[in-house]
Amino acid sequence: MRIVSGKYRGKKLKEFNLDSTRPTTDRVKESIFNLIQFDVAGAVVLDLFAGTGALGIETISRGAEKVVLVDNNKQAINIINQNLTGIEGCYEVVFQEYASYLKTTKEKFNIVFLDPPYATDYGADAINLLVNNNLLKNGAIIIFETAYGKEFNYNEQVFDVTSKKYGTVSVYKLIKKV
């Protein structure tokens with residue numbers, strides 16, 4: 001696993017093996033960033049369920065203004081901190097459960113990455129919390145990765161949505177309507 005583009009392009013990132021964690025592949029990550037490449041510079045980014053921090057660190061490399069990386073797994077937090085070694089930028093690593101974080105933060109985000117455990121409904125719950133707690137700036141983008149074929153309901157009055165399948169993974173791009 002590596003940083004695909006930007007200031008830290010090519011930097012190798014540490015991984016770890018947990019049954020509950022499956023890092024976004026370089027191929028999927030590259031495709032995701034092709035979808036948002038013009039939105040990253042200057043953005044305030046949330047990498048929720050951050051795992052290794054690869055998505056959030058990629059946005060730092062591409063010029064994000066601020067990145068918050070949240071995970072509730074201590075091993076993940078340790079790997080994120082190791083992966084941030086040598087990375088300059090405005091970032092915050094938060095060891096907290098996703099719902100608790102979303103209920104207490106006052107930050108508003110331009111881009112949110114959601115890559116929760118596939119067997120859960122944490123992604124849909126996180127989207128509802130982001131909307132209900134007014135944590136999304138107008139035009140904000142949510143990138144939601146989940147298992148292909150898993151049903152996902154969203155509010156058509158709040159978001160424009162596109163999706164793409166990558167093998168066994170579906171990636172949804174939700175854009176908050178103004």
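1. A quick definition to begin with: buried means under 20% relative accessible area, exposed means over 50%, and partly exposed is in between (1.4 Å probe, protein chains only). By that rule glutamate 58 is buried, because its relative accessible area is 0%.

2. Some ground rules. This is a predicted model, where local features need pLDDT of at least 70 and side-chain atom pairs count only at pLDDT 80 or more, while totals for chains, interfaces and linings use all residues. Residues are numbered from 1 along each chain as its sequence is written, and side-chain values use heavy atoms, with hydrogens and water left out.

3. Now the sheet. Helices (H or I, at least four residues) and strands (E, at least two) are DSSP runs numbered from the N terminus, and two strands pair if DSSP finds at least two bridges between them. You'll see an open sheet of seven strands in the order 3-2-1-4-5-7-6, with mixed pairing. Strand 3 (91–95) and strand 6 (159–166) are the edge strands, each pairing on one side only. From one strand to the next, the twist averages 15°.

4. Have a look at strand 1 (residues 44–48) and strand 2 (residues 66–71), which pair in the parallel sense over five bridges. Here leucine 46 stands opposite valine 68 in strand 2.

5. Two helices to check next. Helix 2 (residues 54–61) packs on the sheet and touches strand 1, strand 2, strand 3 and strand 4 (109–114); contact means heavy atoms within 4.5 Å. The direction of helix 2 makes about 170° with that of strand 2. Axes are lines fitted to C-alpha atoms, for helices over the stretch in contact, and angles run from 0 to 180 degrees between N-to-C directions. Helix 3 (residues 74–83) also packs on the sheet, touching strand 2 and strand 3, and its direction makes about 165° with that of strand 3.

6. On to salt bridges (a side-chain nitrogen of Lys or Arg within 4 Å of a carboxyl oxygen of Asp or Glu). The count comes to six. One of them joins lysine 7 to glutamate 88, with the closest N and O atoms 3.5 Å apart. Lysine 7 sits in the segment before helix 1 (26–36) and glutamate 88 in the loop between helix 3 and strand 3, 81 residues apart. Lysine 7 and glutamate 88 are exposed.

7. Back to glutamate 58: arginine 62 forms a salt bridge with it, the closest N and O atoms being 2.8 Å apart. Arginine 62 counts as partly exposed because its relative accessibility is 21%.
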